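Please look through the sequence and the model shown here before reading on.

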Amino acid sequence: MADFVRKISARITDGDGNGDGRSGDGDTVTERKTRTKSKTAKPPLFKVILLNDDYTPMEFVVEVLKAVFHKPHADATRIMLHVHQNGMGVAGVYPYEVAETKTHTVEELARQAEYPLKCVMEKE
Ligand code: TYC
């Protein structure tokens with residue numbers, strides 16, 4: 001048989017013309033896996049935690065929560081009272097560098113005002 005006849009015959013047998021030698025009747029399905037993970041990983045988050053003490057005034061802690069953590073007055077008061085009653089409490093949750101800056105800012109404000117308010121950060 002002439003070569004060009006063999007080629008044309010093979011293409012007809014192939015059916016769907018994709019060159020895989022199958023008729024493309026649905027028996028062979030190749031699918032891309034559905035993506036389940038996002039491409040960009042989320043940064044780890046850190047809790048910024050205020051610690052209670054006996055000397056820092058309640059009003060100072062409320063003002064810090066409003067100024068540094070952008071809490072409305074009612075939320076700031078609630079968080080301060082939680083810390084006062086439980087020994088510690090979360091002021092906010094942020095990526096590492098934001099948490100670090102806020103922690104330093106709180107301790108610097110406390111140092112300037114000569115209050116012993118302490119603040120730590122902890123990986124979520
Ligand atoms: N315990 C303090 C007081 O009675 C108030 C206070 C609350 C201090 C929260 C620190 O992180 C703190 N004046």
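## The chain as a whole

Of the 124 residues in the chain, 23% are buried, where buried means under 20% relative accessible area, exposed means over 50%, and partly exposed lies in between (1.4 Å probe, protein chains only). This is a predicted model, in which local features need pLDDT of at least 70 and side-chain atom pairs count only at pLDDT 80 or more, while totals for chains, interfaces and linings use all residues. Residues are numbered from 1 along each chain as its sequence is written, and side-chain values use heavy atoms, with hydrogens and water left out.

The chain contains four helices and three strands, and read from the N terminus these elements follow the order α-β-α-α-β-α-β. Helices (H or I, at least four residues) and strands (E, at least two) are DSSP runs, numbered from the N terminus.

## Around the ligand

A backbone N or O atom of L51 lies 2.8 Å from an oxygen atom of the ligand, whereas a backbone N or O atom of D53 lies 2.7 Å from a nitrogen atom of the ligand. At T56, a polar backbone atom is 2.9 Å from a nitrogen atom of the ligand. The protein covers 89% of the 350 Å² of accessible area that the ligand has on its own, with accessible areas taken from the Shrake-Rupley method with a 1.4 Å probe, where for residues only the protein chains shown count as cover.

## Two buried residues

Which contact does the side chain of K102 make with the backbone oxygen of V68? K102 lies in helix α4 (residues 96-113), and K102 is buried yet has no salt bridge, the nearest side chain of opposite charge, E100, being 13 Å away. Here Lys and Arg count as positive and Asp and Glu as negative, while His and the chain ends are not counted. A polar atom of the K102 side chain does, however, lie 2.9 Å from the backbone oxygen of V68.

F60, in helix α2, counts as buried because its relative accessibility is 18%. The C-alpha atoms of F60 and A113 are separated by 9.2 Å, although these residues are 53 residues apart along the chain.

## Salt bridges

A salt bridge is a side-chain nitrogen of Lys or Arg within 4 Å of a carboxyl oxygen of Asp or Glu, and by this rule the count comes to four. One of them joins K66 to E63, with the closest N and O atoms 3.5 Å apart; both residues lie in helix α2, three residues apart, about one turn of the helix. Another joins R111 and E108 at 2.9 Å, N to O, and these two are separated by about one helical turn because they are three residues apart in helix α4. R111 is exposed, with a relative accessible area of 55%, whereas E108 counts as partly exposed at 32%.

The side chains of K118 and E107 also meet in a salt bridge (4.0 Å, N to O). This pair links distant parts of the chain, with K118 in strand β3 (residues 118-123) and E107 in helix α4, eleven residues apart.

## Two loop residues with positive phi

H70 lies in the loop between α2 and α3, and its phi is near 55°, a positive value in a residue other than glycine. E114, in the loop between α4 and β3, likewise has a positive phi, near 60°, and is a residue other than glycine. H70 counts as exposed at 62% relative accessibility, and E114 is exposed with a relative accessible area of 72%.

Terms used. Polar contact = N/O pair within 3.5 Å; in protein donor to acceptor, adjacent residues only side chain to side chain.
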